[in-house]
Each structure stands twice: as C-alpha cells, then as structure tokens.
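Hi everyone, thanks for coming. Please have a look at the structure on the screen, and I'll walk you through it.

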Amino acid sequence: MKSVFDFSLLKQFVSHQSILVNAMHGVMGPYVNRIIINELGAPDDSAVGCKPLPDFGGGHPDPNLTYADSLVKSMYSGTHIIGVAFDGDGDRNMIIGRSGVFVNPSDSVAVIADNYDCIPYFKTGGIKGVARSMPTGAALDRVAAGRGWNLYEVPTGWKFFGNLMDAGKLSVCGEESFGTGSDHIREKDGMWAFLAWLSILATRKLEVGEILNQHWMKYGRNFFTRYDYEEVDGAAANTMIENLSKAITERTYIDKELKDGEKLYKVSNMDDFSYTDTVDGSVTIKQGIRVVMVDGSRIIYRLSGTGSAGATIRLYIESYESDSKKYACKPSEVLQSLVNIALKLSNLIALTGRDKPTVIT
C-alpha cells in the first residue's frame, strides 16, 4: 500500500480529522490495526469490530445500509469526516461521509477514477481504462467519456475485470455490490478503496458530501438503487424470469410507453445481457434482463440460486438526472415511479408474495 498511496499525507490528514473504520469482525481487522492505527496513527477508538470472530460477532458482515447500520448511526453524529465498513473477507467496502452521507458504490468508483491524480500510483502510468459490472450505475461511463478513456461493461464477476487487467487494458473498476479495485492487484480490495477516498479528501481538502456534489455538477447524477428479495420460492422466481424472457422474444415492450403517476418512460430496448470477452473471446450469456428507456433509465432483473428454495431476485433501478436542482433529492423519491413500473412489468409481488424487499441499497 505504501507504493500506491502517500502515507505521509494520509498520516497528516488522520492526525487532525476523525475517521471511523468498522471491520465487522471479519479478516480485515488486523489490517485495519496495522495500517490505520499503527501506520497512519489514528486513535484506537477509530477502529471497531477488528477482532475476527467465526460468527462475526453475531452480525452479518455485509457492508450495506441494512447490515452496517451501526456505522451509519455513528456517522450521523457529525464527529467523523469519513467512515467505512468492510465485509467478512475485506474485499468489499461501504463509504459513509459526515452526518450519514452515503456514497453509492456506483458513484464511489466514478469519483475515485475521476480523482485518479490524487493517488500517486496513477501519476506515472495514468489510466489504461475503466470498467464496471453491467448492473452497476453508469456514473463511471460519464467519467470515461469526459476523460477520453476506454470503458468496459462486463458481467458480474471479478474474473472479467481480471482478464482486462492481465491484458493491460484496465486500471480502475467497480461493481454495485460494494466491490472496488485497481490493477495494483488482480482482485477487489476494500482497504485500497478506503485509502483512495482518504487520499481524495486529504488532497482536495473537502468533505465527502462536497466531493459528491462537485462530481454531480460536473457530470450529472445517476440515481441508483438495488432491491434484494432473498429466499424467494425458486419456482416463482423462475416463472418471473421466463415471463420477462418471453417479452424479450416477442418484443412486447419495445417502443411502448410506460407510465406511473406523472412519470412517463418509453422503452428503447429490452434484452438479456451477454458479453464477449475482448481478451480471450469467451462468450457469457444470460447475465441479467435489461429494460432500457429512451432517456437512458434502466431496469435490470437478475436471479441467483434457482433451487426449490433460497433464490434471490435482484432488481436494479437507475435514472440519470442533469438538473442540478434535483441532485440533493433522495434516490427513493426520484426512482419510485421506475420501481413501480419494474414491479408491474415483472409481476414480482403477485408471483412471489413479497410486498417489500429484504434489503434496499
């Protein structure tokens, strides 16, 4: 990490700014103690949940607003400039700013990429290219277009990023499930993402919320949310996907207008995402059903686990907004009409009997 970041800068920053790190009793705990406490000199109470436990202390080591709610509540105090939670094996991360400012993973990778010059590792080699998983919000696409970088949209799964790294085509990448990384190693790296954010704050001397607002003023805001329906009946989940696949074949919704309240969307495309690897030529199919609107808004349905029980339906909703007056709006407000349309198209509630998701990100 010392070859990637300026530890002297970060040490100086931590000496006068309070931070909060929650390892959620996963394997990242000893690394937090070594890097954040010992190397950077943060006070001992800056780190919590740093003793690895087989049962993760009775919690669920998933860095999101539901399972890392203790971090979110602590950040609302306004004491800490930045907080982070890591998952059980430390490769995923959630960034929270002062007063509970949530950094959506789709925004996080875009902000890190756009501020690459705050990270010494990139000052010599620059950026070779950037990539995101298909369900991830398209904020990174706008940075790539503005910077003139190649952008790769790949299926969910870090191996696709790895192939691009091996070929020298990729420097920064991320996925909406809180995984972020660079080509310093061939894996997602939660500590790297946190140190990247610390580097941006230390260099630009701004709050997390200010960094986000400036980013949105420059590129516009991609509002994004994900609904997880866990342990859904497998037959019901499969029926939903089969019905949506039939709609693709029959072009049921192409050029159709979909309305919810005062919001009106027109469907430009509907498909099941497939990917041809630019490195080894392998083809990966059935990676998620996409409903794309004329204005670029997207609805995505993905299914994992197809047995008689334990299936998970993931619903991704995204809408781009260029009106700066709306940047401060809550994603739940901006996206509610599109969520309603997505539920109606899929008949999810009637098929599964689930009137609300298990987790909302």
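In what order do the seven strands of the open sheet come? The order is 11-12-15-16-17-10-18, with antiparallel pairing. Before we go further, a word on what you are seeing: this is a predicted model, where local features need pLDDT of at least 70 and side-chain atom pairs count only at pLDDT 80 or more, while totals for chains, interfaces and linings use all residues. Residues are numbered from 1 along each chain as its sequence is written, and side-chain values use heavy atoms, with hydrogens and water left out.

Strands (E, at least two residues) and helices (H or I, at least four) are DSSP runs, numbered from the N terminus, and two strands pair if DSSP finds at least two bridges between them. At the edges sit strand 11 (257-260) and strand 18 (359-360), each pairing on one side only.

Let's look at strand 10, residues 221-232. Strand 10 and strand 17 run antiparallel and are joined by ten bridges. With strand 18, strand 10 pairs in the antiparallel sense over two bridges, and there Tyr-227 has Ile-360 as its bridge partner. Strand 10 is also mostly covered, with ten of its twelve residues buried; buried means under 20% relative accessible area, exposed means over 50%, and partly exposed is in between, using a 1.4 Å probe and protein chains only.

Now, which residue in strand 17 is the bridge partner of Asp-228? That is Arg-314. Asp-228 and Arg-314 also form a salt bridge, with their closest N and O atoms 3.7 Å apart. By salt bridge I mean a side-chain nitrogen of Lys or Arg within 4 Å of a carboxyl oxygen of Asp or Glu. Because Asp-228 lies in strand 10 and Arg-314 in strand 17, the pair ties together parts that are 86 residues apart in sequence. Asp-228 is buried at 4% relative accessible area, whereas Arg-314 is partly exposed at 21%.

Moving along the sheet, strand 15 and strand 16 (residues 298-304) run antiparallel, joined by four bridges. Val-291 stands opposite Ile-299 of strand 16. Across this region lies helix 10 (residues 234-249), spanning strands 10, 12, 15, 16 and 17 and running at about 140 degrees to strand 16. That angle is taken between N-to-C directions, on a scale from 0 to 180 degrees, with axes fitted to C-alpha atoms, for helices over the stretch in contact; contact means heavy atoms within 4.5 Å.

Back to salt bridges: the structure holds 21. One of them joins Arg-290 and Glu-153, with the closest N and O atoms 3.7 Å apart. Arg-290 is in strand 15 and Glu-153 in strand 7 (residues 151-154), 137 residues apart. Arg-290 counts as buried at 14% relative accessibility, while Glu-153, at 24%, is partly exposed. Both belong to a network of salt bridges that also links Arg-132, Asp-141, Asp-271, Arg-298 and Glu-318.

My last stop is helix 4. Arg-147 is in helix 6 (residues 139-147) and Asp-114 in helix 4 (residues 105-114), 33 residues apart. Asp-114 is buried at 8%, and Arg-147 is partly exposed at 32%.
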